[in-house]
Amino acid sequence: MTGLSSIRWFLWPCVLLLLFTCLAANQPVWAGDGFPPGNKSIYLKDNTGEEYPIGTVVFTPTADETVTYNLNIETERFKDFFLSMKEMKCLEGKEIWCFIPYPYQHPESVSANDLRWLEHDLLFMFKAPNEFGANLWNGIYYDMTVEDGVIRGTARAVDLNYIASPPDDLMTPPYGKFEIDDLEPSTRWLPYIEIR
């Protein structure tokens with residue numbers, strides 16, 4: 001074997017390794033970060049781990065390294081409540097837990113590191129069973145992360161009156177760190193959400 005051939009045989013594995021490393025570095029976010037594409041079920045969970053299925057969501061990867069989603073809340077699983085002159089779809093248990101649809105158009109896209117639009121599409125309001133009317137300041141915002149291909153979230157507090165009028169920029173989620181407050185999960189009926 002000539003010296004040139006020996007160098008080629010030595011360099012070839014190095015070239016392949018470099019090629020695969022470059023390809024891996026440019027993987028789309030849903031592949032590299034374990035974002036769970038496809039059809040998933042959505043569950044609210046209480047403090048004992050009991051699950052309440054509320055719908056499905058389909059995640060579709062796109063060429064620009066985001067993921068679009070199509071949310072389907074299964075309203076037949078909810079009861080109709082007439083609160084403060086409005087009909088609301090609610091779950092009934094230790095508390096009344098009402099789904100509050102986000103009222104404005106938005107991109108319906110997420111990434112593994114930014115789930116804000118999905119969080120805005122899964123807003124709820126809670127009230128005690130003996131309370132009269134809807135208290136929109138008792139809003140629930142599930143702060144979500146992707147963990148091992150499953151989306152998990154914990155309830156935080158928001159004032160739903162904040163979205164009574166459209167935000168100035170419809171492409172930016174209106175709830176940010178200054179509009180979202182912590183709450184103690186043990187004090188609420190359904191403090192967790194899981195999408196899998």
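Student: What percentage of the 196 residues in the protein chain do buried residues make up?
Tutor: The model is predicted. Burial here requires a relative accessible area under 20%. Of the 196 residues in the protein chain, the buried share is 39%.

Student: How many helices and strands does the secondary structure comprise, and what pattern does the chain follow?
Tutor: The protein chain has 3 helices and 11 strands. Read along the sequence, these elements give the pattern α-α-β-β-β-β-β-β-β-α-β-β-β-β.

Student: Which strands stand at the edges of the sheet?
Tutor: The 11 strands form an open sheet with antiparallel pairing, in the order E4-E5-E6-E8-E9-E10-E11-E1-E2-E3-E7. Two of these strands each have a single partner, so one side of each is left without a neighbour in the sheet. The edge strands are E4 and E7.

Student: Which residues have the most contacts inside the largest nonpolar core, and which element supplies its largest share?
Tutor: The largest nonpolar core has 48 residues, and those with the most contacts inside it are Phe59, Trp97 and Tyr142. The largest share of this core is 5 residues, and the element that supplies it is E6.

Student: Why does Leu118 count as buried?
Tutor: Leu118 is found in helix H3, residues 116-120. Not counting residues up to four places away in sequence, Leu118 touches Phe59, Tyr69, Val110, Met144, Ile151 and Ile195. Leu118 counts as buried because burial means under 20% relative accessible area, and its relative accessibility is 0%.

Student: What distance in space separates Leu118 and Thr68, C-alpha to C-alpha?
Tutor: In sequence, Leu118 and Thr68 are 50 residues apart. In space, their C-alpha to C-alpha distance is 9.9 Å.

Student: Is His106 buried or exposed, and which side chain makes a polar contact with its side chain?
Tutor: His106 lies in the loop between strand E6 (96-100) and strand E7 (109-110), and its relative accessible area of 13% makes it buried. The side chain of His106 reaches the backbone nitrogen of Glu108 at 3.1 Å. At 3.0 Å, its side-chain partner in a polar contact is Asp121.

Student: Which side chain does a polar contact join to that of Glu74, and at what distance?
Tutor: Glu74 is found in the loop between strand E3 (67-73) and strand E4 (79-83), and at 15% relative accessibility Glu74 counts as buried. Leaving aside neighbours within four places in sequence, Glu74 is in contact with Ile54, Gly55 and Thr56. The polar contact of its side chain, at 2.6 Å, is with the side chain of Arg77.

Note on methods: Residues are numbered from 1 along each chain as its sequence is written. This is a predicted model: local features need pLDDT of at least 70, side-chain atom pairs count only at pLDDT 80 or more; totals for chains, interfaces and linings use all residues. Side-chain values use heavy atoms; hydrogens and water are left out. Helices (H or I, at least four residues) and strands (E, at least two) are DSSP runs, numbered from the N terminus. Buried means under 20% relative accessible area, exposed over 50%, partly exposed in between (1.4 Å probe, protein chains only). Contact means heavy atoms within 4.5 Å. A polar contact is a pair of N or O atoms within 3.5 Å; within protein, one must be able to donate a hydrogen and the other to accept it, and residues adjacent in sequence count only if both atoms are side-chain atoms. A nonpolar core is a set of buried Ala, Val, Leu, Ile, Met, Phe, Trp, Tyr and Cys residues joined through side-chain atoms within 4.5 Å. Two strands pair if DSSP finds at least two bridges between them.
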